[in-house]
Amino acid sequence: DEKTVVVTMGRGRGLMEKAIASGRKTGSAIEENAGVKRTASALPPEREGVVYLALDRIVNMIPRIARVFDESAVPELKLSAIETPIGITRSGGEHVPRVDIFVPDGVIVGVKDAALHARLEGGKQGAGAGTNGAGKESR
């Protein structure tokens with residue numbers, strides 16, 4: 001219908017076809033996802049629009065995109081699977097728009113863990129490639 005917008009990133013034509021088919025139905029398969037249900041329950045029920053962002057999928061896609069453009073300066077940051085997406089809604093009237101953003105604790109923990117892992121890995125690389133800083137091979 002003219003009030004439904006479906007956007008996907010990655011995973012090819014098959015995912016887009018499924019997303020379009022889902023968007024044509026009354027109700028949506030995304031609304032049945034347990035993580036989306038948790039996020040939706042934390043957002044205001046009265047809303048004009050909603051966006052769900054799977055941050056882990058977006059972050060994990062960045063290095064692949066960088067490789068396509070031969071960008072070696074993009075660090076390899078890997079987020080573990082996060083079951084509950086970020087939710088953003090818009091509501092309110094014509095003169096007083098309201099935007100609510102819900103960031104689940106799993107997203108915060110996942111980003112913290114990925115940053116810590118990247119920092120630890122960066123420290124190993126800074127000591128010398130393949131060594132423990134004393135010239136001995138590290139394992």
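A strand or a helix here is a DSSP run, numbered from the N terminus: helices have at least four residues and strands at least two. With those labels ready, let's tour this predicted model.

Stop 1: Select strand S1 (49-53), strand S2 (residues 86-92) and strand S3 (97-102). Together they form an open sheet in the order S1-S2-S3, with antiparallel pairing. S1 and S3 are the edge strands, as each pairs on one side only. Look along the sheet for its twist, which averages 15° from one strand to the next. As background, strands of a sheet pair through backbone hydrogen bonds, either parallel or antiparallel.

**Stop 2: one pairing up close.** Keep S1 and S2 in view: five bridges join this antiparallel pair. Now pick Tyr-52; which residue in S2 is its bridge partner? Click on Gly-87 to find that partner.

**Stop 3: a helix on the sheet.** Next, select helix H2 (residues 34-42), which packs on the sheet and touches S1, S2 and S3. The direction of H2 makes about 135° with that of S1.

**Stop 4: a nonpolar patch.** Show the surface and colour Val-51, Leu-53, Ile-58 and Ile-62, which make a nonpolar patch of about 280 Å². Which elements each supply at least two residues of this patch? They are strand S1 and helix H3 (55-68).

Stop 5: Finish by zooming in on Ile-62, which lies in helix H3. Its relative accessible area is 41%. Ile-62 therefore counts as partly exposed, because that class runs between the 20% limit for buried and the 50% limit for exposed.

Conventions
Residues are numbered from 1 along each chain as its sequence is written. This is a predicted model: local features need pLDDT of at least 70, side-chain atom pairs count only at pLDDT 80 or more; totals for chains, interfaces and linings use all residues. Side-chain values use heavy atoms; hydrogens and water are left out. Patches are made of residues with over 30% relative accessible area and no salt bridge: like charges are joined within 9 Å, nonpolar side chains (Val, Leu, Ile, Met, Phe, Trp, Tyr) within 5 Å. Accessible areas come from the Shrake-Rupley method with a 1.4 Å probe; for residues, only the protein chains shown count as cover. A salt bridge is a side-chain nitrogen of Lys or Arg within 4 Å of a carboxyl oxygen of Asp or Glu. Buried means under 20% relative accessible area, exposed over 50%, partly exposed in between (1.4 Å probe, protein chains only). Two strands pair if DSSP finds at least two bridges between them. Axes are lines fitted to C-alpha atoms, for helices over the stretch in contact, and angles run from 0 to 180 degrees between N-to-C directions. Contact means heavy atoms within 4.5 Å.
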